Amino acid sequence: MTEENRQREDLESQVWNAIAAFEQIVETIPNDRVSLEALSHAYGQVGDLSRAREYLARLIAVVIEEKDRDAIEMLRDRMVLLAASDPLARETLARIDAFLEAAAGEVKSFDLAAEPHAKPEPVKVDDVEWRSSHVTSELSFAWTLFQAGELTQEDYAMVAQDLSAISTNTALVTVSVLHAIHDRGGRSMDRILAYSARDSGVPMIPLSLFEVQDQVFQMLPREFIIRFGVMPFEMMGNDVLVVLLNPYNKQLRDKTESIIGRRCHFFITAPAEFDAISEQKKLRNEPKPEAGVTATL
């Protein structure tokens, strides 16, 4: 029971740290959809349904303004649950229905043949929630570094802003505190890695010393590896050795082990070494560039 209480307190602490970080972002970028979504979920986790509804309503207002019908349809179900007992939620639901009704009457003017890219598959709610949770974990990591004095207040603010910008990018990029620090030329990367390994109990390892076999790398989908900053790199008997860029993200570790279906042992590595292996595997396994360059044909 004591261990359960400790884990519950740790989780609540992470949620409140993430709330503080996301609210800072929303102060600077009021219409940031990822932050509004994360705040709605986070306040729901701590039981503040009023604030959860408030941020959900703000998110919906932004999505309506941007005329994103697919997102509105996903968000509507969540607002329906709140509308049963909340008059303000019913008002928001009425706005949603008015928007959807108006959108249904509009003539579609899209020429699919002229579209340069295939239309992406609709994002599942679970995927949206998982990505939002991942950003929350990264901001919690940044907050931990700030509280430990490994990031200055200015560094922390810049990292939080970078994470928010990266998380809204539709391209396949890694949403990672360590990448944000590295990309800004952080000279304290070695110190931050050492502190993170020591504080989290996840050992640091130089990934560049390993020859990562294709069959090991492919134990996780490439998109999952890149987006969430986690990579299997070696076998040890039936177990799998895995590097990740956020040693505090227990949910990611559990998800990784679930996908691989084997016991995993986790290590932290430098973002530059992670990127080097990822790029190496991309060049080896995907020789045709997406842009259609003929040099490799």
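The protein exposes about 16,700 Å², and carbon and sulfur atoms supply 52% of that surface; accessible areas come from the Shrake-Rupley method with a 1.4 Å probe, and for residues only the protein chains shown count as cover. The model is a predicted one, in which local features need pLDDT of at least 70 and side-chain atom pairs count only at pLDDT 80 or more, whereas totals for chains, interfaces and linings use all residues. Residues are numbered from 1 along each chain as its sequence is written, and side-chain values use heavy atoms, with hydrogens and water left out.

Of the 297 residues, 41% count as buried; here buried means under 20% relative accessible area, exposed means over 50%, and partly exposed lies in between (1.4 Å probe, protein chains only). The secondary structure comes to 13 helices and 3 strands, where helices (H or I, at least four residues) and strands (E, at least two) are DSSP runs numbered from the N terminus. Among contacts with a separation of 6 or more, 64% are between residues 24 or more positions apart; a contact means heavy atoms within 4.5 Å.

The 3 strands form an open sheet in the order β1-β2-β3, with mixed pairing; two strands pair if DSSP finds at least two bridges between them. The edge strands, β1 and β3, each pair on one side only. From one strand to the next, the twist averages 30 degrees, with axes taken as lines fitted to C-alpha atoms (for helices over the stretch in contact) and angles running from 0 to 180 degrees between N-to-C directions.

Together with helix α12 (residues 250-260), β2 and β3 make a right-handed β-α-β unit; right-handed means that, with the strands pointing away from the viewer, the path from the first strand over the helix to the second runs clockwise.

T174 is found in the loop between α7 (153-167) and α8 (177-183), and is buried with a relative accessible area of 10%. A polar atom of the T174 side chain lies 2.5 Å from the backbone oxygen of I226. Beyond its neighbours within four places in sequence, T174 is in contact with I166, H179, I226, R227, G229, L245 and F274.

K281, in helix α13 (residues 271-285), is buried with a relative accessible area of 1%. A polar atom of the K281 side chain lies 2.4 Å from the backbone oxygen of V212. The side chains of K281 and D214 are joined by a polar contact of 2.7 Å, a term for a pair of N or O atoms within 3.5 Å; within protein, one must be able to donate a hydrogen and the other to accept it, and residues adjacent in sequence count only if both atoms are side-chain atoms.
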